[in-house]
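Here are a few notes to read alongside the model.

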Amino acid sequence: MSRREPWIAAALTLVWLAFTAWARPLALPDEGRYVGVAWEALQHGDWLVPTLNGLPFFHKPPLFYWITEAAMRVAGASAWAARTGPLLGGWLGAMSLFLLLRRWTTPTLARIALISLLAMPLYFVGAQFANLDMLVAGLITATVCAAADAALRVEAGLPHRGVLTLAFGLAGLGVLAKGLIGVVLPGAVILLWLVLGARWRTLRAILWLPGIALMLAVCVPWFVAMQGRFPGFLHYFFVVQHVQRFAGVGFNNVQPIWFFPAVLLLATLPALPWLVRGRRDAWWRPAPGPGGLHWLLLCWFAVIVLFFSMPASKLVGYILPALPPLAGMVAVAWTQVAAAPTRWHRFGPLALAVGAVIGVGAVIAFSVGAGKSNRALAGELAARHQAGEPVVMLERYEYDLPFYARLAEPLVVVEQWDDAALMARDSWRKELGDTRDFASEAETARRFERWTTIQARLCARPVSWVIGDAALARDHAWLARATAVAEQQHLSLWRIGPADLNCEAGAAP
């Protein structure tokens, strides 16, 4: 059983994380945006350059898109395939924690940590949310665990180069998953852990030049290729999307510094009592050797929470890399409780069950109507749309519509694109607007339109499809004359031809 246990744990972990991944539509904006980028890659075939509505989109690096595109090529454009990236990230993170603890502590503690992690509602839901957060969280976790394993092997006089090579390779993939945090955060965790224990010889051993070279070989070529094709890419990606986003206050979802501690309290509540019930001195004793994993878990948790608490902009998914060390601390505390059973002891399984039910319940609640999706409207468009007929969005860009409508061509988006104040806000407008920095004027003209010129473009086509707020028909007579073929919530889908626009007499205002 002991030899088969990791394989059984790996299979059951994947089944648990994936079994409801099909149950709900893509959430907006994040899932629609990132899956939409991968969908576009399937259409135009250029897997190197991520595109949003047909133009280069460099908010994030490409690993999530590559995984999602590959999954959809193999399994089709389904929600399950679209969530392959986070599923793999969640599985990788959980199994990395399990294997590290199993090797250097006890199988029992490793099992408790794994079950505690998988029962955390935030981890379960995060592994089924198609954005970059769980993928990079899994890679950060795997990098920390592989590097810690290598460090402990060094101190035990065991071969360590193989697992150290793995750690550096994973760090390179972490950079391709979400940028510099893929290497900065694991590096900070391991550095703090070793420095606190004054383990200088171990630190020198894992700062291995061939490993660093491997990490750079994994991640640097894509950045070099993009800079070669798009001058200004490196400044945009590292300065604008890394430094300015971390230090700035002009981005969405500004939250106070206590936001993530509050999120962790609510999202992991069923497991947290064991941290209180365990013997507190176990956490602060700098035990040598494998016992130093207590310190690793503390350093790991503290680095992640402190790092992501510093920026003004905070999204819930950012804190996912803190859940594996938290699960490890819960497992250590639980073993302390189990060593001297009390009435609290019998509530352990109940607490884990409550967490699991909350996670599954959240997915079910979303699947039956909580949240916004354009799947139904997109289905109506897919049933009527013919190749070559343009699709126009008025004052909005619905990220999930190209995926669900199976559109092969970019859309035309109507907005006040010359309004500097409107474009400065952190929104879908700015995301689309930024793509113009890496596109030609001709490419930009095909994607961006204004109210003053859109009717002339529509007159040039026998049939066009227009999507926008139903209330817009009250302000634009030509839109009121068009045929509304479908509605979903406040959105309408119109079929428009030259007759609706009075094109022969000149476009009506």
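A crossing is left-handed if the near helix is turned anticlockwise from the far one by less than a right angle, and right-handed if clockwise. This is a predicted model, in which local features need pLDDT of at least 70, side-chain atom pairs count only at pLDDT 80 or more, and totals for chains, interfaces and linings use all residues. Residues are numbered from 1 along each chain as its sequence is written, and side-chain values use heavy atoms, leaving out hydrogens and water.

1. Please look at helix H5 (residues 84-104) and helix H8 (residues 133-156), whose axes come within 7 Å and cross at roughly 20 degrees. That makes H5 roughly parallel to H8 (an angle under 35 degrees). H5 passes H8 in a left-handed crossing.

2. Helix H10 (residues 181-196) packs against helix H17 (residues 293-309) at an angle of about 135 degrees, and their axes are 9 Å apart. H10 passes H17 in a right-handed crossing.

3. Trp200 has its place in helix H11 (residues 200-206). With a relative accessible area of 45%, Trp200 is partly exposed (between buried, under 20%, and exposed, over 50%, with a 1.4 Å probe and protein chains only).

4. Turning to strand S6 (residues 464-469), you will find Ile467 there. Ile467 counts as buried, at 0% relative accessibility. Between Ile467 and Glu398 lie 69 residues in sequence and 9.2 Å in space, C-alpha to C-alpha.

Methods. Helices (H or I, at least four residues) and strands (E, at least two) are DSSP runs, numbered from the N terminus. Axes are lines fitted to C-alpha atoms, for helices over the stretch in contact, and angles run from 0 to 180 degrees between N-to-C directions. Angles under 35 degrees count as roughly parallel, over 145 as roughly antiparallel, 65 to 115 as roughly perpendicular and the rest as oblique.
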